[in-house]
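Please keep the structure open while reading.

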Amino acid sequence: MSGGGQLVFLICGLIALVSAVLTVSLRSPLRAAVALLAHILSLAGLYLTLHAHLLAAIQLLVYAGAVVVLFVFVIMLIGPSAMPTTEGQPRGLLLRVAIASLMAMVGGTVAFGVSTVDRPYVDIDQCAGPAAECGQFGGVEALGHAIYQQAAVPFELVGILLLVAIIAAVAVARGHTPEEKRAFEERARKKDAEAAAAAE
Amino acid sequence: MEIGLGTYLALASVLFGIGAIGFLTRRNTLLQLMSIEIMLNSVNLTLVAFNRWSPGEAGAWSHQGQVFAFFVIAVAAAEAAVGLAILISLFRLRKSVESDRADLLKH
């Protein structure tokens, strides 16, 4: 593995480890969700070092784009009872201003740095073999070919699985409206009365 | 320092351990679901690493590990959706997301 690939691996692996520990140890679920987001982003970086370009993109789309957002939505929906019962002391205004200005400085540096660099070259090592095929390993074309050629039926089944999961999630999370609950109780009472009449 | 297949597998096993410890020690159902996601992601990392070190011949690449990881991601997304729906349902019932409070079948 080349030096650039090693560096990417070390940075992403370290971030993955630290953010995983933070995810399972932080008290506030919202902070844990943000740590999980960092974990997922660093894993996408690790996939890049393994020449799995499409999988890294899917990781970002599905996990960072959908799963973490779902977690945050549920935390917001549940509200304060998802939070820890004992809140830490609020820190001073000075610290918040310092952190915000630091973040603004870093963001500005990155933005201006990117605007002046022309074609950044990330040195991830090449796989063995001709260059034409090497560019394809783990790419959209090759992986799509593999999925549709070797795993077409499971791919269709995953579509059904996701549909069933959506329906199940809606059905489980929806709950009953007051009208439905009243109708259900009415039906139960009628059934009880019929049973009592049959017993007599 | 040479980074090979073993390095990736070691990292993935440590991540899986962290996820397992989180799942077993935390009592907040949200954090338990997040720990499950960490464990699934670590398994995906091993699959992709194995695929990288046995990629087949040039021109006929084998992507079996990546295809498998793709399906794991899809199933994990479905799992997260259903798990969070159950969590909301439990919260309606118990006004709490602690897994210790889900004891309706216990008594």
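## A valine in helix 2 of chain B

B:Val43 sits in helix 2 of chain B. Helices here are DSSP runs of H or I with at least four residues, strands are runs of E with at least two, and both are numbered from the N terminus. B:Val43 has 17 C-beta neighbours inside 10 Å, so it counts as partly exposed. The cut-offs are these: buried means 20 or more other C-beta atoms within 10 Å, exposed means 12 or fewer, and partly exposed lies in between, with C-beta atoms placed from the backbone.

Beyond four places in sequence, B:Val43 contacts B:Phe16 and B:Val72. A contact requires C-beta atoms, placed from the backbone, within 7 Å. B:Val43 and B:Val72 are 29 residues apart in sequence, yet their C-alpha atoms are 8.8 Å apart.

## Basis of the model

The model is predicted: local features need pLDDT of at least 70, side-chain atom pairs count only at pLDDT 80 or more, and totals for chains, interfaces and linings use all residues. Residues are numbered from 1 along each chain as its sequence is written, while chains are lettered from A and ligands numbered from 1 in the order in which they are written.

## Helices 1 and 2 of chain B

Two packed helices are described by the angle between their axes and the distance between the axes. Helix 1 (residues 5-25) and helix 2 (residues 29-53) of chain B pack at about 165°, with axes 8 Å apart. Axes are lines fitted to C-alpha atoms, for helices over the stretch in contact, and angles run from 0 to 180 degrees between N-to-C directions. Helix 1 and helix 2 of chain B are therefore roughly antiparallel. Angles over 145 degrees count as roughly antiparallel, under 35 as roughly parallel, 65 to 115 as roughly perpendicular, and the rest as oblique.

Which residues make the contact? Helix 1 of chain B contributes residues including B:Leu9, B:Ala12, B:Phe16 and B:Phe23. Among those from helix 2 of chain B are B:Ile36, B:Met39, B:Val43 and B:Trp53. The contact residues divide into 17 nonpolar, six polar and no charged. Nonpolar covers Ala, Val, Leu, Ile, Met, Phe, Trp, Tyr, Cys and Pro; charged covers Asp, Glu, Lys and Arg; the others, Gly among them, are polar.

## Chain A

Chain A has eight helices and zero strands. Of its 200 residues, 22% count as buried. Take the contacts in chain A between residues at least 6 apart in sequence: 62% of them join residues at least 24 apart.

A:Ala188 is in helix 8 (residues 178-199) of chain A. A:Ala188 is exposed, with 10 other C-beta atoms within 10 Å. Its C-alpha atom is separated by 65 Å from that of A:Ala111, 77 residues away along the chain.

## The interface

Chain A puts 58 residues into the contact between the chains, and chain B puts in 50. Helix 3 of chain A gives the most to the side of chain A that touches chain B, with 12 residues. That side divides into 46 nonpolar residues, 11 polar and one charged.

Helix 3 of chain A packs against helix 3 of chain B at about 5°, with axes 11 Å apart. These two helices are therefore roughly parallel. Among the residues that meet are A:Leu55, A:Val62 and A:Leu70 from chain A, and B:Phe70, B:Ile73 and B:Leu84 from chain B. The contact residues divide into 19 nonpolar, two polar and no charged.

## The nonpolar core

The largest nonpolar core has 59 residues. Such a core is a set of buried Ala, Val, Leu, Ile, Met, Phe, Trp, Tyr and Cys residues joined through C-beta atoms within 7 Å. A:Leu46, A:Tyr47, A:Leu55, B:Leu30, B:Met34 and B:Val48 touch the most other members. Helix 3 of chain B gives the most to this core, with 13 residues. Leaving out residues up to four places away in sequence, A:Leu46 touches A:Phe9, A:Cys12, A:Gly13, A:Ala16 and B:Leu45.

## Positive phi

Most residues other than glycine have a negative phi. A:His51, in the loop between helix 2 and helix 3 of chain A, has a positive phi of about 65°. A:His51 counts as buried, with 25 C-beta neighbours inside 10 Å.

B:Lys95 has a positive phi near 55°. B:Lys95 lies in the segment after helix 3 of chain B. Is B:Lys95 buried or exposed? It counts as exposed, because it has 10 C-beta neighbours inside 10 Å.

Methods:
Contact = placed C-beta atoms within 7 Å.
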